[in-house]
Amino acid sequence: MPQKIIFATQHYQYLKDRIRSLPDAPWENGELEIRDFPDGEHYHRIVSEISNKEVILIGGTIDDKATLELYDLASGCIQLGAHSLTIVIPFFGYSTMERAVKYGEIVKAKTRAVLFSSLPNTSRGNRVMLIDLHVDGITWYFENDIRPVHLYAKDFVKEAALELAGGQPFVLASTDAGRAKWVESLANDFHVQAAFVFKRRISGEETAITAISADVKDKIVIIYDDMIRTGGSLLHAAEAYRDAGARDIYVITTHGIFAGNGFQKIKDSGIIKGIVCTDTHPNALLIHDEFLQVKSVAQLIVNAVNAKS
């Protein structure tokens, strides 16, 4: 078997280190030389020898600069003779544009997928691993021979929910009907009730909650959402569950983005007792507060890479 070597973009060095600390990931540390020019451009050099090695490259498309850095590094690994290339994108950001609603809107989920699909193949081919996509169908945007793999952080959600509930009965809830099927599937695994809210759109920016699908009175409610950006939708749902009589409300999310003052807004609301998220987005690691627990997806990634080697 070819030797495995792992690289990461600048924002995801922390996740590379966490992966390499695991006993079943004795992979070589990929070294890079990176310099920033005064005009805003960047110099990258792959220092490690990677010819005929299995390359794992970690990087989220958290902004345009990070997306291009990930693409450039992937291209460099292929040019230097990587035996195979696995691009792990813990958070696949695309400006929430997975489909067009208005004329002329650019579906960036597709343009990003097409970008990575344009990479030349290694001798064993290329694959891209993505974690808890907002929409399952995004994997179909990838073209040519690249193999998309959608990883689900289901075990993380299960463990976090049981820990938050502390052995007491709870209701697993979603912020809207869009995630209801996924939440219902998880609730069935737990043998607990699922709940979601019905919304009515008032305008392009405003929605109103009209009903809740389950009885939450005097119960612990654990809300799951795949990502938290500003927290607006989450707080509207949490208010509805509180007003319906929920005793305690907790939140689990895979991608803790917490844009702007989103985290502080959620904490200061007094509605939610705590949040658990993963380390798929570097923003979550910038928050040092007992209100937030951050758990790593390192083992999930290692298991997936080893299973598909």
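Q: How far apart do the centres of the positive and negative side chains of the chain lie?
A: The chain carries 33 positive and 39 negative side chains. Lys and Arg count as positive and Asp and Glu as negative, while His and the chain ends are not counted; a charge is placed at NZ of Lys, CZ of Arg, CG of Asp or CD of Glu. The separation between the centres of the two sets is 3 Å.

Q: At which pLDDT do side-chain atom pairs count in this predicted model?
A: Residues are numbered from 1 along each chain as its sequence is written, and side-chain values use heavy atoms, with hydrogens and water left out. The model is predicted: totals for chains, interfaces and linings use all residues, local features need pLDDT of at least 70, and side-chain atom pairs count only at pLDDT 80 or more.

Q: What is the radius of gyration of the chain?
A: The radius is taken over C-alpha atoms, and the globule rule is 2.2 Å times the number of residues to the power 0.38. For 309 residues, a compact globule would come out near 19 Å; the value for the chain agrees with this, at 21 Å.

Q: What percentage of the contacts in the chain with a separation of 6 or more joins residues 24 or more positions apart?
A: A contact means heavy atoms within 4.5 Å. The C-alpha trace spans about 60 × 50 × 35 Å along its principal axes. Of the contacts with a separation of 6 or more, the share from residues 24 or more positions apart is 66%.

Q: In which strand does Y250 lie?
A: Helices (H or I, at least four residues) and strands (E, at least two) are DSSP runs, numbered from the N terminus. The chain has 8 helices and 16 strands. The run that holds Y250 covers residues 248–256 and is β14.

Q: Is Y250 buried or exposed?
A: Beyond its neighbours within four places in sequence, Y250 is in contact with L164, I220, V221, I222, I223, I272, K273 and G274. Buried means under 20% relative accessible area, exposed over 50%, and partly exposed in between (1.4 Å probe, protein chains only). Because the relative accessible area of Y250 is 14%, Y250 counts as buried.

Q: What is the relative accessible area of T280?
A: T280 sits in the loop between β15 and β16 (292–295). Its contacts beyond four places in sequence include Y12, Y14, P90, F91 and V297. T280 is buried, because its relative accessible area is 0%.

Q: How far apart are the C-alpha atoms of F263 and R229?
A: F263 belongs to helix α7 and counts as buried at 6% relative accessibility. Outside four places in sequence, F263 is in contact with F258, I287, D289, F291 and L292. F263 and R229 are 34 residues apart along the chain, and their C-alpha atoms are separated by 8.7 Å.

Q: What is the phi of F258?
A: F258 is found in the loop between β14 and α7. F258 is buried, because its relative accessible area is 6%. Although F258 is a residue other than glycine, its phi is positive, near 50°.

Q: Is D218 buried or exposed?
A: D218 lies in the loop between β12 (207–212) and β13. D218 has a positive phi of about 65° although it is not a glycine. With a relative accessible area of 52%, D218 is exposed.
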